Amino acid sequence: MKPLDKIITPIAGDLLRYETEFKAALDSEIKLINSVSNYLIKNKGKSFRPILTLLCSRLCGQPTINTYKAAAMMELLHVATLIHDDIVDDAKTRRGKPSIKQIWKNKISVLMGDYILSKALINMVSLKDFEALDLISKTAEKLSAGEILQMEKSITRNMTKNIYYDMINQKTASLISSSCELGAITTSKSDIDRKATSEYGKNLGMAFQIKDDLFDFLGSEFQTGKESGGDVKKNMLTLPLIYSIESTSRKERNRLKAIIRKKKKSSETIMEIKEIIEKSGGFNYANKKLDEFSSNAINSISSYNDGEIKNSLIELVHFNKNRDR
């Protein structure tokens, strides 16, 4: 597996232009906003979604100023959702660092998330591209609907595999898919390009969330920056656990449900859940689905000519499958 810095070499110059747009979008005359923004910029992630926008724009043609604006907007939407997620989850850390909520508390965090969303809207209007505006507005709706669906199911504990796939398609894959499709919309505008990049992103997004689900049980806090079994402790039912509930023996299914109903779950409880999932094949099933969605992503762009851009998109799929955080 290539490291990410090698995968993105073909778009190094594009990323610099994107960074300029992203920082400009967050700039404010208010000192507190700039303080929080600077902390976000210093501790932000891999810029996975903007990378996809830029690579897909190169796959379909040549990036335009709208490509860089769209890449920045996707990251703004992503960051805003993370800030709000941390408030909802009462998360003390994000990527191993203190969360915005932990440093500036709830009120500032809510307002900062709203501020970033408003900046994303301003960026949207500046595109002056109806197709892009339509896609982004629908994506924003899906992000919220997916999160609410997950919260509803965490309360009722009535989650099936089909509901799960619908949920992660909305809350995770939609943003990644739109990031890819915006690369086509801001360059070629070809329906064929739009469909191919959208399908690539959707399948990669599904694989991305399943990888995170596996991390929740199998990753260490050092790797993920989050406590092991954190989703289960918050009553979030992820794919390995859903499969086990549906597939294990009645005795162990009842045991699993009894454990999940507990308000407080110790590390020993999480270990017991992991053992049942392992025994029932939940981790194997999730890994097979990870492989399936990853293969579908690569197949979605198979018709494009071989080259360094296409190769980088393929390598990103492998990077997701093998990433350690």
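Mentor: C60 counts as buried because its relative accessibility is 14%; buried means under 20% relative accessible area, exposed over 50% and partly exposed in between, with a 1.4 Å probe and protein chains only. This is a predicted model, in which local features need pLDDT of at least 70, side-chain atom pairs count only at pLDDT 80 or more, and totals for chains, interfaces and linings use all residues. Residues are numbered from 1 along each chain as its sequence is written, and side-chain values use heavy atoms, leaving out hydrogens and water.

The structure holds zero disulfides, a disulfide being a pair of cysteine sulfur atoms within 2.5 Å. For C60, the nearest cysteine sulfur belongs to C56 and is 6.3 Å away. For C180, the nearest is also that of C56, at 3.9 Å. C180 has 0% relative accessibility, so C180 is buried.

Neighbours within four places in sequence aside, Y200 is in contact (heavy atoms within 4.5 Å) with C180, L52, A297, S300, I301, L313, L316 and V317. Y200 also belongs to the largest nonpolar core, which has 62 residues; L52, I116, Y200 and L316 touch the most other members. Such a core is a set of buried Ala, Val, Leu, Ile, Met, Phe, Trp, Tyr and Cys residues joined through side-chain atoms within 4.5 Å. Helix α5 (residues 65-89) supplies its largest share, twelve residues; helices are DSSP runs of H or I with at least four residues, strands are runs of E with at least two, and both are numbered from the N terminus. A second, separate core has 30 residues, including M206, I245, I276 and A286.

Ring pairs come next. There are seven aromatic pairs in the whole structure. Rings of Phe, Tyr and Trp (its six-membered ring) pair if their centres lie within 6.5 Å; planes under 30 degrees apart are stacked, over 60 edge-to-face and the rest tilted. F217 and F283 are edge-to-face because their planes stand at 65°, with centres 5.9 Å apart. This pair links distant parts of the chain, F217 in helix α9 (residues 191-218) and F283 in helix α15 (residues 282-300), 66 residues apart. F217 is buried at 0% relative accessibility, and F283 is buried at 4%. Y243 and Y285 are stacked, 4.5 Å centre to centre with 15° between the planes. Y243 lies in helix α12 (residues 239-247) and Y285 in helix α15, 42 residues apart.
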